[in-house]
Amino acid sequence: MTSAMFVARPALTACVPPACVRRRTPCTSHAAFLAWAAVSFLVLTMSGCAAPQRHAVPKELVSAATPVGMPAVRDFADRFSPTLQQSVVESVRQARAASPRGTLDETGAANVLALSGGGANGAFGAGFLCGWSAAGTRPTFKLVTGISTGAMIAPFAFLGPQYDANLRQAFTATTTKDVYREKSLLEILFDFQSLADSAPLANSIAHQIDEQVLAAIAEQHRRGRRLFMGTTNLDAGRLVIWDMGAIAASGRPEALELFRKVMLASASIPIAFPPVRFDVEADGQRYDELHVDGGTVVQVFFYGSALDLDAARRAAGVTEDIPIHLYVIRNGQLAVAWQVIMPRLLPIAERTINGLIGAQVVGDLYYIYTIAKRDGIDFNLACIPDDYVPASKEYFDPCEMKRLFELGYESARAGYEWQTVPPGLPERTADHDLGETPEPVK
């Protein structure tokens, strides 16, 4: 009895929202939410609750597993993918059927957009895209990739400026209760998958992604454009790239449900939100997989090891070089802001997670930049300015999100000065090929 009371009391304390929510003080990123979740998890694991039953994919079949009825819509990001490679080859052929050069707009280039994670900071990226439209310089993207909050933006970024009103609504009118519901201690003990219920987020996605939106994405996919989203396979601990246009264009009755589930999984912060279960098949047997926020592996992605663009170009019969412009929108700041940290568990946890996420972002940007330089792709980066001071009163604060939306909007409308190298890399080295040693300064 004494032991149970000792466990329950701190658990109840742990299950309240982050301190920044309770005290109505600024919350700089989703690190506070992660810190609350992590600390709560450590406390609640003392209760020894049983896990739900699973029929997991055996290790030797993990790479062969595919969603039931849809065998060619995804693959792991850390290996060459014949599935995704074939999708890219087909995309070039589809685009060339409409235009001899296979370009989509008057820029004469293939334009790519990569949208990062960042929680409520996604309002910046949403506003940036709308401001880009207002400036009249936003290109038609050949490929859009999104992860976590970037996955929430990606469908509308993919469909173009006519869906800017959807972006504004989604990222300026959302509140915390539209994203998650806190569980009671009793709920957690009986369903020990997460500390919060993500049903509100699932409902929001269902409202935003309907049959009409799915049909529009399918139409653009058939014109040679591609929409990729990333989730993390929990068993494998690896990033999975989903070809969302292939799902939309599959004609399968379960396409809409699968599309929505991938979006939900991409934004499901582990521990805080429950993992999303996918029914898959491998070697003639049915299994299940658990997927969570792609941001647990990377914060932003391009294509990495999954594709060989030069081979895809040759396979599609393209002989001329087409310039590729990559635009990365980081829904967050690149530097971790200076802050006095009190010697208490939650502030220390929040600060630590913030630092880890910041380092992960920089590493992801350098990796993408390296791939871009290797493949002759123009690299451009936009982000929230490091001197921006957030003023959130809750995790998804409509007032703060409107501020971020307008910041992104005005930045792009005025003509944003894109960063052409990752943070910390001197601009003067950008003209040198990677691996070359610059001449010494005399």
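A nonpolar core is a set of buried Ala, Val, Leu, Ile, Met, Phe, Trp, Tyr and Cys residues joined through side-chain atoms within 4.5 Å. In this predicted model, the largest such core has 80 residues, and those with the most contacts inside it are Leu-129, Ile-247 and Phe-259. A second, separate core comprises 38 residues, including Leu-84, Phe-301, Ala-306 and Leu-381.

**Surroundings of Leu-129**
- Leaving aside residues up to four places away in sequence, Leu-129 touches Leu-113, Leu-115, Phe-141, Ile-153, Ala-157, Leu-167 and Ile-329, and the list of its contacts also includes Arg-138 and Asp-164.

**Strand β8 and its partners**
- Strand β8 spans residues 238-243 and is largely enclosed by the rest of the structure, because 5 of its 6 residues are buried.
- Strand β7 (residues 226-233) runs antiparallel to β8 and is joined to it by 6 bridges, with Met-229 standing opposite Trp-242 of β8.
- β7 and β8 form a hairpin with 4 residues between them, and in the turn Gly-237 has a positive phi of about 65 degrees.
- Strand β2 (residues 74-76) is also antiparallel to β8, to which it is joined by 3 bridges, and Asp-75 has Ile-241 in β8 as its bridge partner.

**A nonpolar patch on the surface**
- Leu-186, Leu-189 and Phe-190 together form a nonpolar surface patch with about 360 Å² of accessible area.
- Leu-186 lies in helix α8, which covers residues 185-190, and Leu-186 counts as exposed because its relative accessibility is 56%, where exposed means over 50%.

Note on methods. Residues are numbered from 1 along each chain as its sequence is written. This is a predicted model: local features need pLDDT of at least 70, side-chain atom pairs count only at pLDDT 80 or more; totals for chains, interfaces and linings use all residues. Side-chain values use heavy atoms; hydrogens and water are left out. Patches are made of residues with over 30% relative accessible area and no salt bridge: like charges are joined within 9 Å, nonpolar side chains (Val, Leu, Ile, Met, Phe, Trp, Tyr) within 5 Å. Accessible areas come from the Shrake-Rupley method with a 1.4 Å probe; for residues, only the protein chains shown count as cover. A salt bridge is a side-chain nitrogen of Lys or Arg within 4 Å of a carboxyl oxygen of Asp or Glu. Helices (H or I, at least four residues) and strands (E, at least two) are DSSP runs, numbered from the N terminus. Buried means under 20% relative accessible area, exposed over 50%, partly exposed in between (1.4 Å probe, protein chains only). Contact means heavy atoms within 4.5 Å. Two strands pair if DSSP finds at least two bridges between them.
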